[in-house]
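Have the sequence and the model open side by side as you read.

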Amino acid sequence: MTLRSSVKIGFVDDVTLSGDLQTVEQDIITIASSHTVTGLRLNTAKCDITMDDFTNIDTIDTFKDFIRVPKDDMTLLGAPVVSGNAQDTAIMSKIDDLSRAIDRLKLLHAHDALFILKNSIAIPKLLHLLRTSECGNNQLLRKSDDTLRSGLSTILNVYLSEDQWLQASLPVRDRGLGIRSAQMLAPSAFLASAASTLQLQQFILPYTISSLEDASVESIEALWVNVTDLPEPDAEERHIHKAWDGQVTKHNRELILSRASTDIDKARLRAASSPHFGDWLHAPPISTVGLRLSDEAIREAVAHRLGCRACEPHTCVCGKAVDARGLNGLSCRKSAPRQQRYSHMNDIIFRAIKREQVPAINKPVSFMRGDNKRPDGTTLLPGPGEIFGMGRDSTRHLFGVTPGQHCGHTWRCSQPSCTTENRQVL
Ligand SMILES: [Zn+2]
């Protein structure tokens, strides 16, 4: 079977043909008559035809059942081909889907809802459209972002100002929540996609079309440069999404830091970019392994990360004044959640050790003995030079303090000051 149209694109059982009317008609007849060879029958009731003037096809039987689609509404494999009505319709459809999803996510626990929104619904549902259609200039993306921001605020129960939303919409490694803004992402996604598919486009399209300059790429490049005020990525990196988006996020990250007016805000932003500081945002909320946070814990974690209002100003039980950010709770000596976090951390480590089938027991009944020696029973079967128990010393050891540095409470302690009497032999 040979098709003669100037453009022939096939994907699974979808075929797109473009060319003069007679050639396309002949190709369709060829496809329809080849079903015994290909095993595919043409369903003309689901076929689209797009052209400037449909009056020419009224007398052609081949096209009589085809759906007539105006040029502005034309889509290819779910992607709008030109800016205009089709693009607006596609974005509005995504906004409606997002609104419906957020209405349902409000019924879930905050951690579950945040995880689903971040990894399955917000940008993952929109990314195909952003990569395949030049919608960086489309104002409907603003509406999409507003819907997302409003939904995120409701799910987390925190108010997000412009700066806080800007930070939330950055990747986790760049101090954000990983709930990306469509407006911020669109130019980078399209430019990376255009560069990575350039060779394929030139292979598919006839020379008369592929030799033309792509005006959509030029306009989006201008938009990208206008936003970042930085040079474009090198030729060998232009197909990498991160090469474009990384510059945009870097620009916004520095913008947020420059707007921070207090030392507390600057410290918060620098801390938020520390390694592993945002790992909890990647963790799936699985209750059985203790990774699921309560609604209140999620609200406070997000509020502290973004600098949101966390509570009403009040006086703490320890006597200190607590401002709207509620930071006193992180250092308050009478803070009950602080003890809970400590216990929770021990519990997670204990479960990890048990999972490896290493015999261990959780925290000893009494931590200090009357003679100031460490309690026995922190480890049943220690490995060479290691402690596996759950006491404070073992926790420190697991986080990088080697045994012996804290004065000889392991049977292999080699610190000179540690007397034999102080050593614990299990
Ligand atoms: Zn306090």
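**A walk along the helices**

Helices (H or I, at least four residues) and strands (E, at least two) are DSSP runs, numbered from the N terminus.

Before going further, please note that this is a predicted model: local features need pLDDT of at least 70, side-chain atom pairs count only at pLDDT 80 or more, and totals for chains, interfaces and linings use all residues. Residues are numbered from 1 along each chain as its sequence is written.

Which residues of α1 are buried? They are V24, D27 and I28. Seen down the axis of α1, its buried residues fall within an arc of 100°, so they line one face of the helix; the arc is that of the directions from the helix axis to the C-beta atoms. An α-helix has 3.6 residues a turn, so residues three or four places apart point the same way. The buried residues of α1 pack against β2 (14-18), while the face turned away from that buried side carries the exposed residues Q22 and S33. A residue is buried if 20 or more other C-beta atoms lie within 10 Å of its own, exposed if 12 or fewer, and partly exposed in between, with C-beta atoms placed from the backbone.

Now step back for a moment. The protein has 16 helices and 8 strands, and 25% of its 426 residues are buried.

Next, look at α3 and α6. Their axes come within 10 Å and cross at roughly 5°, and the two helices are therefore roughly parallel to each other. Axes are lines fitted to C-alpha atoms, for helices over the stretch in contact, and angles run from 0 to 180 degrees between N-to-C directions. Angles under 35 degrees count as roughly parallel, over 145 as roughly antiparallel, 65 to 115 as roughly perpendicular and the rest as oblique. Among the residues that make this contact are I91, I95 and L98 of α3 and L141, S144 and I155 of α6. By class, the contact of α3 with α6 has 10 nonpolar, 4 polar and 3 charged residues. Ala, Val, Leu, Ile, Met, Phe, Trp, Tyr, Cys and Pro count as nonpolar, Asp, Glu, Lys and Arg as charged, and the others, Gly among them, as polar.

Helix α6 (residues 140-156) also packs with α8 (residues 182-196), at an angle of about 130° and with the axes 8 Å apart. That makes α6 oblique to α8. Here L141, R142, S144 and D145 in α6 meet A182, Q183 and A186 in α8.

Is A182 buried or exposed? With 29 C-beta neighbours inside 10 Å, A182 counts as buried. Leaving out residues up to four places away in sequence, A182 touches I123, L126, L130, L141, S144 and D145; touching means that C-beta atoms, placed from the backbone, lie within 7 Å.

Finally, find L108 in the loop between α3 (85-105) and α4 (110-121). L108 has 16 C-beta neighbours inside 10 Å and so counts as partly exposed. From C-alpha to C-alpha, L108 and I155 are 8.7 Å apart in space, though 47 residues apart in sequence.

Definitions and conventions:
Two residues are in contact if their C-beta atoms, placed from the backbone, lie within 7 Å.
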